[in-house]
Amino acid sequence: MPGPLIPFRQLVLKVHSRCDLACDHCYVYEHADQSWSSRPKVISDEVISWTALRLAEHAKDHALSSVQVILHGGEPLLAGPKRLRRVCEELRRALGGVCELDLRIHTNGVQLSERYLDLFDEFGVLVGISLDGDKAANDLHRRFADGRSSHDKVLAAVGLLRQERYRHLFAGLLCTIDLRNDPGATYDALAALGPPRIDFLLPHATWDEPPPRPDAAPAPYADWLMAVYDRWDLRGRPIPVRMFDSVISTLGGGPGLTEAMGLAPADVLVIETDGTFEQADSLKTAYDGAPATGEDVFHHTLDQVAAHPGITARQQGMAGLNEQCRSCPVVRSCGGGLYAHRYRGDGSGFDNPSVYCADLETLIRSIDTRTGAGADRPVQGFDALADGTDDGSAVRELARARQAVTRDLLSLVGRELGGQGDEPWDRSWRLALDLDRRDSSLTQVLTHPYTRSWIMRCLAAPPGAAPTTHLASLVASALLRDGTVDLVSVPVADGFASVQETGRLRVGEVGARTVELGGHQIRRAGAPGWEPMRWIRADGLEVALDDLDPYRDCFGRPAMDRLTDEEAESWREVLPRAWQLIRAALPSVAAGMAAGVRVVTPLTGAAGSPTTPSVTASPGGFAALGVTLDPDPVRLAVALVREFRLGVLDALLDVCDLYHEADTRTGELLAEAYARSATDALLPEVGAARQLHVQLDELAERGSLTPLGLRFTEGMRRSI
């Protein structure tokens, strides 16, 4: 029996059905389905108008907060600027006042020019470019019909996008894997272009037309991807890679970030140049006519096509997979792979594992082994965190593990508050889920340390007493950070509209509940009423001096209100000096702090006053440090290191059982010993090492440490 209708949130609009390249791996022209040859070259005015109308009515009927439209082809730039302008204008007009419109275009880049980019800037169209690596890699497939290379023209297109005036339009690079290309060289060539994201795509294949496997290797695509992963990871993961980020997210219980993996229901629809509705383009690789629905924009609504059996088959999650997939331990990350890759023409159709099954399983298990994200075991680098030899890698892994826990806590808040008649919450919650499902742009906001403070307050408050409007502020922060919308409605609390890690606007209107904020306002220095976040940068450390976040008051001592310029300047003078001392005396701790600390919040009270040694002192964990400014850089360094170590231990306790929680004295001893095992190097005292050993002996004698806790304290002994 079919489930409830799942609305479409992503539309692929074919604006041109031909291409100026002759890529021999193209699923549109080179695979089983050849319907392109009978379609108009260019989308007509009538199709554009009906498409806009159908999408607007669908968004209104389902109260969608946003929809994404990807202009596609063939090569969409062949439609020309005039035709593309008509598409953008019609969509904007139809969806104005209905929902947000996220416009994008996927292009080979050959035709890209300033004329196009000025148009895209006007309508906020983000540009994704297909590029398979360096010249040798790209020329294996992406050539003109006469054999000429397209590489130089694509690099010129990327160069245009990297200019300051167009940089905000750059969505990323899409690379189709070819095993003949060196994985390291391919990644280096793409990363050198500084894209905001890289998508690695498995070449489309089925069980009838399987992908090449040199020397009958069992999982060569996983081997290729893991070579890229290790290079990416070694360099600190400087660029989001959607496939890797999706695996890490799902291993930690989060959402999938790509249609090709994960169990989220597919919600993408294709409209061809003649107005016909089709299923996902990748189905063209299965058999001739595989994507067809028999429906079109002139005679059918999007709700009607949403009920098509081919559409609903890709929305059943675990129930839509075959028995082998359902029993697989990595299914929640894999999701059975891309639907098209399951096809076999022996009558079983799509009721098969992916033709890349072995590769996907190997990839997921390999990433799990390296990160520990999905394993019931300590995070990778656990021992390095204990004995003080971490180079920052373990802190990064711990941050990802903490992110997964934070997301789980937020989901718990959503389950508790959803459906209680709180319309602002429900609206913001739907928008948050929508953003998170289709893109990872919300992750930075939802995993900010003070988001955790707000979540914990929500969970602790009686029903109806939690400050639920803050979710709308977080969603607005994500939208403004992403830069895909012009204006966002931001809630006003205590006279301010806050944009996380960016600043706040002092609202003069008494009783105002919301205020409209635009990206141009928060980026313009000296805007009336705008208080920007201050930042401190010092030799590898970059932190926000956060005296603005409404949920920063979580350290056991009050946080200071907005600093004066003179007070902020004192922080800018003393903190870098303290940081230099930490780098010199504790290089491993410094590496971890550089990798994990996002904000420092000034606290009131006497300089040098420590917060409680309780490891639950701050929901912010190690990413947020609350300290009082001490003019002595040594004492400030001690305070910063102490708070960082307490935060690391707090984050470890999210994912590891180190002691029996009922024994609070063991928790206090463990926290104090772990903090002192680092800070004693900055303020050495006579007999400090012996005192630490005494504390560790007392911990062991209490009998409350788990085997993992004993292992942790033994690591601390090694560090003394």
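A residue counts as buried when its relative accessible area is under 20%. Keep that cut-off in mind, and keep in mind that this is a predicted model.

I will start with the aromatic rings. A pair of aromatic rings is described by the distance of the centres and the angle of the planes. The count here comes to 14 aromatic pairs. One of them is formed by Phe-622 and Phe-644, with 6.1 Å centre to centre and 70° between the planes, which is an edge-to-face arrangement. Where do Phe-622 and Phe-644 lie? Phe-622 is in the loop between strand S17 (599-602) and strand S18 (624-627), while Phe-644 belongs to helix H23 (residues 633-655), so the pair ties together parts that are 22 residues apart in sequence. Now the cut-off: Phe-622 has 2% relative accessibility, so Phe-622 is buried. Phe-644, with a relative accessible area of 3%, is buried too.

Elsewhere, ring pairs join Tyr-287, Tyr-339, Tyr-343 and Phe-350 into a cluster.

Next, charges over rings. Arg-504 sits over the face of Phe-496, 3.7 Å from the ring centre. Arg-645 lies over the face of Tyr-674, at 3.8 Å from the ring centre.

Last, two helices. Helix H21 (residues 565-585) packs with helix H22 (residues 587-596) at an angle of about 125°, and their axes are 5 Å apart. H21 and H22 are therefore oblique to each other. Which residues meet? From H21 there are Trp-579, Ile-582, Arg-583, Ala-584 and Ala-585, and from H22 there are Pro-587, Ala-590, Met-593 and Ala-594. The residues of this contact of H21 with H22 divide into 8 nonpolar, no polar and 1 charged.

How values were computed
Residues are numbered from 1 along each chain as its sequence is written. This is a predicted model: local features need pLDDT of at least 70, side-chain atom pairs count only at pLDDT 80 or more; totals for chains, interfaces and linings use all residues. Side-chain values use heavy atoms; hydrogens and water are left out. Rings of Phe, Tyr and Trp (its six-membered ring) pair if their centres lie within 6.5 Å; planes under 30 degrees apart count as stacked, over 60 as edge-to-face and the rest as tilted. Helices (H or I, at least four residues) and strands (E, at least two) are DSSP runs, numbered from the N terminus. Buried means under 20% relative accessible area, exposed over 50%, partly exposed in between (1.4 Å probe, protein chains only). A charge sits over a ring if NZ of Lys or CZ of Arg is within 6 Å of the ring centre and within 35 degrees of the ring normal. Axes are lines fitted to C-alpha atoms, for helices over the stretch in contact, and angles run from 0 to 180 degrees between N-to-C directions. Angles under 35 degrees count as roughly parallel, over 145 as roughly antiparallel, 65 to 115 as roughly perpendicular and the rest as oblique. Contact means heavy atoms within 4.5 Å. Ala, Val, Leu, Ile, Met, Phe, Trp, Tyr, Cys and Pro count as nonpolar, Asp, Glu, Lys and Arg as charged, and the others, Gly among them, as polar.
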